[in-house]
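Work through the two exercises below with the sequence and the model side by side. Each task is followed by a solution in steps.

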Amino acid sequence: MIRFPSQQGQEPPAPAAPGVGRVTAVLGPTNTGKTHFAIERMLGHRSGMIGFPLRLLARENYDRVVAARGAGSVALITGEEMIVPAHPRWFVCTVEAMPVDRPVAFLAIDEIQLCADRERGHVFTDRLLHARGEEETLLLGAETIRPLLRRLLPRVEFITRPRFSALSYAGHRKLTRLPPRSAVVAFSAPEVYGIAEQIRRQRGGTAVVLGALSPRTRNAQVELYQAGEVDYLVATDAIGMGLNMDIDHVAFARLSKFDGCAPRRLNAHELAQIAGRAGRHTADGSFGTTGEELGGERLVGGEPSGRGLDPEVIEAIENHCFEPLRLLMWRNHRLRFDSATALLRSLEERPTRPELMRMREADDHLALATLLHDPDLARLAGHPEAVRLLWEVCRIPDFRKILSEAHTRLLGQIYRHLRRPEQRLPEDWIAGLVTRLDRCDGDIDALVSRIAHVRTWTYVSHRSDWLADPGHWRDRTRAIEDRLSDALHQRLTQRFVDRRSALLVKTLKGGGDFLAAVTRTGEVIVEGHGVGELEGFRFVPDGSARGTDGRALMSAARRALKDEIAARLRRLESEHEDSLILGADGVVTWHGAPAGRLSAGPSLLTPAVTPLHDELLDPGQRERLRRRLERRVTTYFADALAPLMTLRDAELSGPGRGLAFQLVEGLGCLSRHGAAALVDGLGQADRRQLGQLGVRIGVTRLYLPALLKPRAVAARALLWAVRHGLALPTPTPPAGRVSLVPPPGLPGGWFEAIGYPVVGPRAIRADLLDRFERRLIPLARSGAMTADPALAQSLGAEAGELAGILIALGWKQHHASDGSVVWRPSRVRRPPPPRRSRPEHGPFAKLKELEPAP
């Protein structure tokens, strides 16, 4: 057995218990070589396993071990990636994915202080208490966990690793004064993007690292920085967990973060974990704060300008001396699967040790509790194996880290499929969901969301007992993730890196500022040269400003536009509604310049507005612009569709309320066929109230005549097209046109929504169609009629189109005995009445009710 040298002030090693390998805690700050030490120890044993906190770190160290021992001897196991050769000796894993039931001579857990983490701590604590190597176990982490390890593992040995380089405080600096090879740390994606945009404008570009990025995208962004293409990195605290980069200085843009429950100030040891990325191996590093104005809010939360960190925190970080951890997160690992209730109770058991605190917010636990609220699903979990399967489904991670209702609903669908006799997920169902993710269009947020979704399916693909062809789905989801990751890297680089400007900034280090101004007409002048115009909020560069020197001038112009953009935004917010025009193409213009575009919102009547050409706006300004545009859009539709809004807000009861809801959802036009029961249930008072609200109950449709005016028709067309993703603008009927031949490519639902339902070869305005159908009622009573061309003319149709219209309305063509052609209405057999006589179904069932008034 290998003995480690004890260091001054440490307890002498305790003898190992029989049959259990020695447990050693290797503690120290960042940049102490703990991971390298552990891998060297692992490779000195006949077999071994090491767990890392991130998939990215597991992959990086897997590649290192493969280079040293060959691919045939090393396995990689994470939630989304599994490479297991025939006879592996060493396993590199994420902590959650460690196959702890497999005996190995050596076992190590990295970042063991994460036992105190509110989200994942219970997994690390479980490994701490129960995962062991037969010969040796290493626990790698920070000194803050030493007292708890001593109490929980009385026989543990300790080794302290000193930091290879010094870490010193450099004070508070403006973003523009940060030295090259700096990393700026914020704690939300909007803040990261805002800072990255500022650095792009002022320093030519930056790499971006967030926890939401896929490992492939993160690697590409890190390589962009490591290769020297950019000198700056903007990141969340994702860089604090083992990413090794050549960073000289770490600047905190904020000292507080939202931890899943509430905003809180970071502890000194958390700041040190991130600051420790500065300085690698023997190269010293520095840390500090930076505070730039983004949307009127100073990023460094809680500090006056320039104050920076408290002296006590600075001293603790520089000397690596922190308050010890007091509690570790814990969850019972002896789960009971007798019933779903027993499983929940076992998850809620409390620890017996005072050093442990029960984990209350685990996502799998919350998903289980939510799914069991569904009585149908709960009944499926009626025996132990079904309960065990439900628990395995609940452990499918939501890589968006929000445990949304959509993710919980997906878990329910997966479980229901697996409880069917086939006990497999349907191939066509998975194909439909995965295919929708295989798109590389959209912005950064859209790509990040798709990557998170496809990572969930990659995780599922590793459950070979759930899929008929797991290998196919592993390959396909991985290929999709790679394509999306490459597209995301490209988008991030396009948005935050201007390679020519970056080169120019490096070349002109130490140079003076450019002189720039904006004229009354919007022309942007830099050093006496016109380099473009400002149209609304969009900077349009001049064609002559395309070379390297021109790029430098335009960079100065962007700096000059900061005040002008702020002034224009204030002017837009204060001007009258009429200055903002919503066009048929869904674009909101301000004095002729595009400012925003409609997109699908929370409901049909409330579309969202996405600001356009907002590259010059910071996040706060962008949000102000979006809110102002949405107010204008809301006002426009409230005015154009006033009768519909009145109907939506009316106090109705019973069938009237149901019809009003369906009419609003149909934008003022509703087929009677789908609402027959509600129409039949209307009383006289209901009909009167609906009539007062402008609702006309026609032969085959309900509609609001007031919404058939051109402005209302255009508004309805725009709302439906935006909601359903149609290309804009859509060709609405000209004013006064009562019918038209439907243009190809437009769905029937669009015509129904604008009040021009498609009847055979024509789309006919709802009021004219109703008048036409009422005109046919007396003719239907006579038993037969001839196709009078005047009928077609009343609809604005050609005589040859009348036959198609009549057939669509339920008439049939017959040959009379004299050889002439006549038309008769078709009849549908009356269904048996339940309590009272029900009206006959069919286009002319309610003849008496619908007969025209004298």
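**Exercise 1: a helix pair**

H14 passes H15 in a left-handed crossing, that is, the near helix is turned anticlockwise from the far one by less than a right angle. The model is predicted, with local features needing pLDDT of at least 70 and side-chain atom pairs pLDDT 80 or more, while totals for chains, interfaces and linings use all residues. Residues are numbered from 1 along each chain as its sequence is written, and side-chain values use heavy atoms, without hydrogens and water.

Task: determine how H14 and H15 are oriented to each other, and which residues meet.

Solution. Start with the axes, lines fitted to C-alpha atoms over the stretch in contact, with angles from 0 to 180 degrees between N-to-C directions: those of H14 (residues 427-437) and H15 (residues 444-461) come within 9 Å and cross at roughly 150 degrees. The two helices are therefore roughly antiparallel, a term for angles over 145 degrees. Next, list the contacts (heavy atoms within 4.5 Å): Trp429, Ile430, Leu433, Val434 and Leu437 in H14 meet Arg450, His453, Val454 and Trp457 in H15. These residues divide into seven nonpolar, one polar and one charged.

**Exercise 2: an aromatic pair**

Task: classify the pair of Tyr193 and Phe496.

Solution. The ring centres lie 5.8 Å apart and the planes are at 20 degrees, so the pair is stacked (centres within 6.5 Å, planes under 30 degrees apart). Tyr193 lies in H5 (residues 189-203) and Phe496 in H16 (residues 470-496), so the pair ties together parts 303 residues apart in sequence.

Notes: Helices (H or I, at least four residues) and strands (E, at least two) are DSSP runs, numbered from the N terminus. Angles under 35 degrees count as roughly parallel, over 145 as roughly antiparallel, 65 to 115 as roughly perpendicular and the rest as oblique. Ala, Val, Leu, Ile, Met, Phe, Trp, Tyr, Cys and Pro count as nonpolar, Asp, Glu, Lys and Arg as charged, and the others, Gly among them, as polar. Rings of Phe, Tyr and Trp (its six-membered ring) pair if their centres lie within 6.5 Å; planes under 30 degrees apart count as stacked, over 60 as edge-to-face and the rest as tilted.
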